[in-house]
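Work through the exercises below with the sequence and the model open. Each task is followed by a solution in steps.

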Amino acid sequence: MISVLENSPTLHWLGRQLFNRDDPAAFFDPLLERINPMWVQQYTPAMVTAIYNETADTKTFVLAPAKRWLGFEAGQHVSIGIDIDGIRRNRTFSLSSSPIRWRTDGTVTLTIKRLPGGLVTNWMHDHLETDTVIGLGDAFGDFRIPSPQEPVLYIAGGSGITPVLSQLETMAASDYRAPVTLLYFVRTQADVIAAEKLHALTGRWSAFTLKVYATSETETPQFLSDQHLDEVPGLAGRRCYLCGPKGLMDLANDLLYRRGISEDRIHSTFFSVPAANLDSGTLGGAVHFERSNLDVSSEGDAVLLEIAEAAKLSPRHGCRMGICHQCSCRKTSGTVVNRLTGKASGPGEETIQLCVSVPSGPVSIDI
Amino acid sequence: MKKMNETQLKELEQDLDTIRDQVIADLGERDARYIRRIVRLHRSLEVGGRVLMPFGFIPPVFIAATAALGISKIIENMEIGHNVMHGQYDWMNDTSLHSQTYEWDTVCTGDSWRRTHNYEHHTYTNIIGKDRDYGYALLRLSDDDKWKPAHSLQFINYVLLSVFFQWGVGLHELESERIRRREISVREKIPFLKDFFRKGGRQAFKDYVFFPLVTFPVAPVVLAGNVGANLIRNLWSSTVIFCGHFTQDAETFSEEECEGESKGHWYLRQLTGSSNFTGGKWMHVMSGHLSYQVEHHIFPDLPAHRYPEISEQVQAVCKKHGIPYNTGTFARQYSTVLKRVLGYSLPDRMRNRMLPEFSSAGAQS
């Protein structure tokens, strides 16, 4: 109803004149959320409809997003927003269900493992209840099923299985004929996430081969090795998807590279910001926050968002990994290096993302 | 200003920082609930006022609608807009309550206000020549300006400023007095003026064109009610703000005495340059807690609803250091503001005779 305001340019213009904000429909949020929290306009609300346990430290949350949510493709992730102790926390997680499920019953799932010391994951495990409404961002990410069909190899570790689950279910439902192999590394058999679902898939989808390796059940840890890869038929012709802890991904990348599989046939998805190889010799410098009239120094080991927060400023921010652009602001002078791409900015005035920018020499920021 | 040596100033700084740290460590759910409740109150009053206004041809409804809209604007400007733009709720990481993006329901643009108020006024509070909020470059309120015959009519200026307060605040950054003195050119102010006309136009369009037009048959009633609501907001907010720094005992400072000042000295200046007034809970909400101007000036970025809680601690710190804590009833504080405006419209000798409390031997020393 109210989102009509956002979709018509004329109405949107009028709304901006009347309510002095770029999201005029959200002006009514404080009243609407009292009536029905699913009518909130500032973010896309999603209701938690069910929660179930996968393993001792992993739960699956079933979410029903508001109708206007745009949907996703298998393997993509979303940013969610949750208010914890008055503070809005945004975090990114992979969707573990298939888009087909969303199209048929309007729900999606997030499968989330407790992280040691993780504020949001632990809060979700301990306090998030069904019928609560949380914020859901648009889906993003290019970890996608190959089209047209090709033989595929998945190498997943621990909770890195989540985007793979979404893809496997989608492939099974669309009658994917090319061979698909999953090498799934877990610490013990009890840590297998969605075990029932995976075994059911092997039963009804003949192209699929599942191999689960428990790394910590024998005396010497079993890590990914050439031996595991030897057991994958037609490895050289496969498109490879990696998702899991950094150690496993590095190892997999290395082994595949040595078997001559080219980089463009290896897809990885990350849970945290991958730091590009930055030449630390040129990083760091005096940072001037103009509007707050604050000067601090930087060693080049922290991004501007962290530097600003250490200086007791609270810039607006979202994902903290360079995706959502909530923290974009004006750099008025100086050069910064983008931690994702390793590229340096120009020296003049431009818009930068605080959460992935590292100062390179003295910089001035308009916050 | 009370003279304190650097050791004493350092101790003052530490005492106040302790209070600040306690509040910061305690921020959370309670503060978020408070500001969201106030935002809900604002939305209810605004929606209520707008919906009732077309039925304003019934006199009691007219009064109720105008009051609802006027109070909604007061709450939005004072308790929400002013405080949010000070960054008091930035820690919540809610885009609709963030200082960098908030745009309020008044003519002054958020950006202009962040420059002139957040930065200029709060950094250089009451320093004559640097804090243009002191007298708004329009009123003579201290001996630092030499008396001229034109000043004798300044009470009229004061009334006009109060009536058109939102436009005055909106134009503050134009620095018309410096343009008159040819220190700067109008050309330099063109970007500012563009923003001013855009925002001012938007505000005028909303209250004086759009809402009267969509209720065409009763347009005059709606127009009158909207003018009334803006007037209520202008008179109240200017009055509250004048009580903050222009009361009898609020001090002014010279540029020399503040040169290269320490944090402790800055605290001392904020404490002695600001003044509070007492009242009921609604009075504090309606003034955006600027009734606790002293607390606001030492901690501009702490959520304002915390000021009443820390006021006693601040008073204890003042007492310990022998610093006056300027407060009184609203009526008393406001009457001294009027006296100051009137007093400084008179030549010095006449003022000294008629209002000796404002003579340079009195409050200013």
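A residue is called buried under 20% relative accessible area, exposed over 50% and partly exposed in between, using a 1.4 Å probe and protein chains only. The model is predicted: local features need pLDDT of at least 70, side-chain atom pairs count only at pLDDT 80 or more, and totals for chains, interfaces and linings use all residues. Residues are numbered from 1 along each chain as its sequence is written, chains are lettered from A and ligands numbered from 1 in the order in which they are written, and side-chain values use heavy atoms, with hydrogens and water left out. Helices (H or I, at least four residues) and strands (E, at least two) are DSSP runs, numbered from the N terminus.

**Exercise 1. Backbone exceptions**

Task: Find where A137(B) lies, and state its phi and its accessibility class.

Solution. 
1. Most residues other than glycine have a negative phi, and most peptide bonds are trans.
2. A137(B) has a positive phi, near 55°. The residue sits in the loop between helix 4 and helix 5 of chain B.
3. Its relative accessible area is 35%, so A137(B) is partly exposed.
4. In chain A, D175(A) also has a positive phi, about 60°, and is not a glycine. D175(A) belongs to the loop between helix 6 (162-173) and strand 8 (180-186) of chain A.
5. With a relative accessible area of 41%, D175(A) is partly exposed.
6. The peptide bond between S147(A) and P148(A) is cis, with omega about 0°. P148(A) is in the loop between strand 6 (133-136) and strand 7 (152-157) of chain A.

**Exercise 2. Helix 9 of chain B and two partners**

Task: Describe how helix 9 of chain B packs with helix 14 of chain B and with helix 5 of chain B.

Solution. 
1. Axes are lines fitted to C-alpha atoms, for helices over the stretch in contact, and angles run from 0 to 180 degrees between N-to-C directions. Angles under 35 degrees count as roughly parallel, over 145 as roughly antiparallel, 65 to 115 as roughly perpendicular and the rest as oblique.
2. The axes of helix 9 (residues 219-245) and helix 14 (residues 330-343) of chain B cross at roughly 85° and come within 9 Å. Helix 9 of chain B is therefore roughly perpendicular to helix 14 of chain B.
3. Contact means heavy atoms within 4.5 Å. From helix 9 of chain B, W236(B), T239(B), F242(B) and C243(B) meet F330(B), Q333(B), Y334(B) and V337(B) of helix 14 of chain B.
4. This contact of helix 9 with helix 14 of chain B has 6 nonpolar, 2 polar and no charged residues. Ala, Val, Leu, Ile, Met, Phe, Trp, Tyr, Cys and Pro count as nonpolar, Asp, Glu, Lys and Arg as charged, and the others, Gly among them, as polar.
5. For helix 5 (residues 154-163) and helix 9 of chain B, the axes are 7 Å apart and the angle is about 120°. Helix 5 of chain B is therefore oblique to helix 9 of chain B.
6. Y158(B), L161(B), S162(B) and V163(B) of helix 5 of chain B meet L231(B), N234(B), L235(B), S238(B) and F242(B) of helix 9 of chain B. By class, the contact of helix 5 with helix 9 of chain B has 6 nonpolar, 3 polar and no charged residues.

**Exercise 3. Buried residues**

Task: Which residues of helix 4 of chain B are buried, and what covers them?

Solution. 
1. In helix 4 (residues 110-123) of chain B, the buried residues are G110(B), S112(B), W113(B), R114(B), T116(B), H117(B), H121(B) and H122(B).
2. Their cover includes helix 3 (59-85), helix 6, helix 8 (190-214), helix 9, helix 10 (263-273) and helix 12 (293-298) of chain B.
3. T116(B) has a relative accessible area of 6%. Leaving aside neighbours within four places in sequence, T116(B) is in contact with H121(B), H172(B) and E173(B).

Solution.
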